[in-house]
Structures are given as structure tokens and as C-alpha cells.
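I opened the model to look up two things.

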Amino acid sequence: MNIREVAVIGLGTMGAGIAEVFARGGFAVTAIEVDPDALGRGMAILDGSLARAVSRGKLTQTEHADILGRIRPATVLAEAAPADLVIEVVPEQLAIKQQIMTELDRVVRPDAIIATNTSSLSVTAIAAGSAHPGRVVGMHFFNPAAVMRLVEVVTTVRTDPAVGRAVTELARKLGKTPVQVTDRAGFVANALLLPYLNHAVRLLETGYATREDIDAAVTESVGLPMGPLALLDLIGLDTSLAVLEVLHTEFGGTRYIPAPLLRRLTAAGRTGRKSGGGFYDYPAKGTARAAESPMMHNEDQPPPPGTITLIEPEAGHGSGDRVGHGDGARPGGRHHDRAAELASLIAAAGISVTRNPAHPTDLAIVAVGPEGGVLAAAVAAGRGADAVGLHLAGQQLAELVPTRLTSASALAAAQALTGRLGLRSVRSADRPGLLAAALIYPHLRDAVAMVADGYATAGDVDAAMTLGCGYPRGPMQLLAEFGPERVLGVLRAMQAGYGDPAFAPPLLLAEIALAGWLPAGLSTVGSSAAGNEAAGRETAGRETAGGEAAGHDMTGHDMAGPEWAGGTAAAQQPQRGT
């Protein structure tokens with residue numbers, strides 16, 4: 001199939017970006033928008049994006065003119081007649097997309113390919129609007145299309161295999177990395193991203209942690225560019241809710257049931273940045289932004305403790321420390337290693353450390369792991385009131401874990417201690433997973449389950465999340481870094497503690513932990529797609545439609561935002577703790 005001419009239907013922010021991608025690739029493009037005013041706005045978005053590329057030295061004025069010269073604006077669908085490929089980028093409503101399919105049957109040639117940029121709707125259902133469903137395929141770009149490297153190519157049970165191959169090859173010609181999958185709700189990226197975001201909302205609404213701590217736990221421990229709640233604000237709470245409903249309809253299970261707080265905020269009109277507020281507030285330009293969280297003035301901060309009792313949880317306590325083979329299986333195991341690291345850090349800060357719980361000190365610190373268990377260790381040591389768990393979950397992050405017995409003064413002393421150690425602290429409940437792992441490990445579990453189902457390869461999973469969502473490292477690579485044994489143990493503890501099968505580790509994860517084996521290619525991020533695309537993440541955000549870095553595309557909404565870029569300096573640091 002020789003594709004020379006393309007038509008793009010719908011010239012909003014996403015459609016304009018896709019038209020730009022094809023025109024930059026040397027294709028003749030017909031940009032169709034039935035509303036003349038919307039067409040003008042779309043062409044202005046496209047021209048502005050190219051102009052910024054010129055100002056940054058990415059394009060010459062001649063190249064700018066040549067690219068624009070390949071784009072022919074139009075207001076009627078009949079103008080798509082000469083196209084070899086038509087891609088619709090209309091609003092994410094099934095009836096509208098099916099109507100477009102029906103009308104295109106009367107306009108384009110029988111051998112023309114029709115693609116949909118849907119991010120959540122069933123491509124099979126959309127194709128039902130066409131008399132020729134074999135030529136319909138999903139071609140899901142990510143926002144901003146000119147920058148983000150990933151394209152999900154989605155085939156249905158009726159898609160002609162030659163059509164899928166042609167669109168996959170076309171994506172490569174455009175300089176993109178295609179991930180070809182079959183039609184399933186959420187495809188790869190949304191199916192992995194949304195349950196993780198939804199879980200963060202559940203932790204917030206149940207009082208498990210504050211919004212700031214939830215977001216910091218992820219950005220500081222794993223190096224993701226944005227925390228889940230800030231990302232939901234960027235995507236749009238209403239958009240995220242709609243995608244979750246699609247996922248729940250297809251898959252069921254608690255991971256996909258939209259959190260009640262997400263529904264309430266959406267119903268109240270707090271849909272995120274676009275409305276001026278979601279989980280955070282976004283004042284109009286020119287007004288002062290309120291502080292996100294109360295900060296303790298220096299004169300109000302207690303001094304750090306002068307003496308500390310360091311308590312090791314009982315060896316083997318928690319599933320995370322006795323799984324299969326490795327360091328966690330030996331006496332003391334990871335708990336001993338954590339305690340030794342903490343003792344070294346505290347002593348280096350000039351604070352006296354003792355291991356004798358009977359020795360009177362200013363504070364007792366339990367060297368806890370992500371499996372939790374602070375209360376049992378504190379009570380066993382007879383230090384319930386003045387004991388706080390401390391887990392080093394990242395290079396600069398400490399999870400502080402008070403129990404129901406911990407006094408306010410002990411918690412304040414622990415916060416002062418982390419300040420002395422130069423660590424950012426977040427507060428976590430004493431539950432399996434603590435905070436960072438409770439968010440990230442189920443996310444990794446979902447990725448392993450997707451690979452186990454045969455829906456996507458390990459490399460495709462990592463490509464989708466790094467090149468489509470801006471992750472510095474993909475879920476399967478993170479699994480390798482954290483250690484499959486540790487992830488397996490914490491997930492088992494979460495399943496036992498909460499009784500929720502959504503945390504049950506897939507059999508593949510248990511096999512990986514037992515055999516010490518990981519899917520091939522993870523040393524280069526991913527075998528089938530992501531390998532040579534790391535450099536593409538570094539360019540994310542440099543030439544976006546809004547002049548800013550951008551987030552994950554859901555339904556074509558503009559989600560430009562300065563924080564969502566493809567990787568951070570923190571992401572390059574080795575993992576600690578989580």
C-alpha cells in the first residue's frame with residue numbers, strides 16, 4: 001500500500017499536531033474542519049508550532065514554508081477523496097466517529113485506509129460504522145504529536161493484516177516508534193496509566209496520605225516527571241473518569257472502578273487545570289498562587305534529636321523479606337542492611353545511635369521496609385509512644401511511618417531528623433507497601449499481567465510508558481531495578497492485608513522471581529520498540545504546540561504543562577529503598 005496523500009479530519013490541538021507530523025514527513029495533507037473558525041484556529045496552532053521550531057533553530061524559514069505548503073485546509077469531507085489514508089481526530093464520542101466512518105465510505109476510494117486516533121473507544125465499534133471495516137485501524141498519537149515518539153497501532157478482528165502492516169510502517173517513516181496491538185480498552189498506555197492514577201485518588205480520599213505526599217512519593221522515589229494527582233489535573237479529571245469507565249466496562253475489578261472523589265470533583269466542575277482547579281488550584285495568570293501545603297517556619301521547627309534508638313524489625317517480618325532466594329532470605333536480610341545504612345547516615349549527621357531499646361533516647365526509629373510492620377516492632381521493643389518507622393525510598397526521600405501509638409512530639413522529632421539528614425519526608429500509614437511502593441508496585445503488577453496475557457511484549461510496555469507517557473524508565477525496567485522478589489513479596493503482603501485480588505501477583509511475576517529471569521531486551525529499556533528511542537524522550541517538550549512540555553494524550557485535549565517532560569535528572573540516579 002503506497003501512501004502519498006493524507007487527510008486529517010478535525011483540526012483541534014491534536015488534529016493540528018497530527019497534520020504537522022504528516023506534512024513534516026513529506027506527505028500532502030488535507031486538513032478538514034467543518035467549522036471555518038475552528039479551521040482558522042487549528043491552522044494558527046499549526047503555524048505557531050512551526051514558527052517556534054524556526055525560532056529555536058529546529059527549522060529554517062524555507063522548511064517552514066515548505067511544510068505549510070503541503071497542507072491544504074478544507075471545510076467539507078468530500079475534500080478527502082484523493083487521500084490514501086484518512087485519520088479522524090474528532091471528539092471522543094462513538095456516535096460521531098461512526099458517522100464519520102459512514103460518510104467516508106461515500107467519499108474515499110475503496111482501497112483507502114481509514115484510521116482513528118481514539119485513545120479509549122473500541123476501534124471495532126468505530127469500524128462498525130463503515131461498510132468496509134477491514135480497512136479501519138487505530139493510529140493513536142500522543143500529545144503533542146510533533147514531539148511524542150509513540151504511536152499505538154490498533155488492529156481489530158476484521159482489520160486486513162496488510163492495513164496494520166502499512167500503518168505500522170507509516171509510523172516508522174514519520175520517525176515514530178509504533179507499538180502494534182489488538183483492540184482492547186485502553187490499549188497499552190491508558191490501560192496501565194489510569195488504574196495507577198485512580199489508586200492515588202483512593203489513597204487521598206481515605207486519608208492514607210496528603211496530596212503533596214502522594215505526588216512527592218512518586219516523583220522523588222521513581223523519578224517520574226509528575227505525581228499522579230498533578231497529572232490527573234493536567235489530563236483532566238472528566239477525561240480520566242471517562243476512560244476509567246471504559247476500562248471498568250471491559251475488565252471489571254477494583255483497579256478500574258473510578259474513585260468516588262474523582263466523580264465528585266468532576267461533578268463539581270473541578271476538572272483540573274482547564275477549569276482552574278482539580279486536586280490543586282490554578283489561579284488565573286497575574287494572581288498569587290496559594291501555598292500547596294503548610295510549611296513549618298524555622299523558628300517553629302523542633303531541633304533534631306540528639307540520641308536515637310535504632311530498631312530492626314524481627315528478621316523475616318513481612319513478605320518482602322522472605323521470598324525465594326537472595327538477600328531477603330538470609331537471617332536479618334534486607335532489614336539488617338536498611339538498619340546499617342540508616343545508622344551510618346544518622347551517625348554521619350552527628351547524632352548518637354544505639355541499638356539497645358532499653359537505653360533512654362530522644363527518639364526510636366524503626367528501620368522499616370516497604371512491607372511495613374512498624375507497630376509490631378515498636379511494641380516488641382517497648383517504645384510504642386516514641387517510635388516512628390523510617391524507610392529510605394529514594395535518593396532524597398524518606399517515608400516516615402507513625403503508628404496509632406506514636407506521639408506528636410515523636411513524629412515532629414522524626415521530621416526534624418530527616419531535615420538534618422537532608423531528606424524530603426513524606427508521611428505514610430503503617431500498611432503493606434507504605435506509600436511509594438503502594439502506588440508503584442501494583443502499577444508494575446499490571447504491566448507484568450499485560451505481558452503475561454500476551455497482549456504486549458515487555459519492550460512494547462516499556463516503549464508505551466517511556467515514549468508515550470514520559471516515564472524515564474518503563475515498568476518492566478523498574479521491576480528489574482527494584483527486584484522481582486521484593487515486588488512480589490510486597491504485593492503478596494498487600495493482597496493479604498487488604499484482601500483485594502487486584503494486588504495478587506501474576507504467576508509470571510512469581511516465575512520471574514523464582515528463576516531470576518526477566519523478559520529479553522530489558523537492559524535496553526525494551527526489546528521490540530523502545531531500544532533506540534531514549535534520545536527522543538529528551539526532546540519532549542521542546543517543540544510542543546503550547547511551547548511547553550506535555551503530558552499523556554487521552555482524547556485529544558490540550559494537556560501542555562511545564563512539568564511533564566521526558567525524564568528528569570533524578571531519574572538517572574540508582575534506586576534506593578522502594
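**Sheet**

I am working from a predicted model. I started with an open sheet of six strands. I traced its strand order as E10-E9-E11-E12-E13-E14, and the pairing is mixed. Next I looked up the edges. They are strand E10 (352-354) and strand E14 (424-427), and each of these pairs on one side only.

Strand E9 (residues 307-311) and strand E11 (residues 363-367) run parallel, and four bridges join them. For Thr-309, I found Ala-364 in E11 as the bridge partner.

Then I asked what helix H8 touches on the sheet. Helix H8 (residues 211-221) packs there against strand E13 (397-401) and E14. I noted an angle of about 130 degrees between the direction of H8 and that of E14.

**Pocket**

I moved on to the second largest pocket. It holds about 400 Å³ of space. I listed 20 lining residues. Nearest the centre of the pocket lie Gly-10, Glu-33, Val-89, Val-90 and Pro-91.

Which helix gives the most to this lining? I found that H4 does, with four residues. Helix H1 (13-24) and helix H4 (94-105) each supply at least two.

Last, I sorted the lining by residue class. I got eleven nonpolar, seven polar and two charged residues.

Definitions and conventions:
Residues numbered from 1 in each chain as written. Predicted model: local features only at pLDDT ≥ 70, side-chain atom pairs only at ≥ 80, totals over all residues. Heavy atoms only, no water. Pairing = 2+ DSSP bridges. Contact = heavy atoms within 4.5 Å. Axes fitted to C-alpha atoms, helices over the stretch in contact; angles between N-to-C directions. 1 Å grid on protein atoms, 1.4 Å probe; cavity = no way out; pocket = protein on both sides within 12 Å on 5 of 7 lines; lining within 4 Å. Points joined across faces, edges and corners; volume = space filled by probe spheres on them. Nonpolar A, V, L, I, M, F, W, Y, C, P; charged D, E, K, R; others polar.
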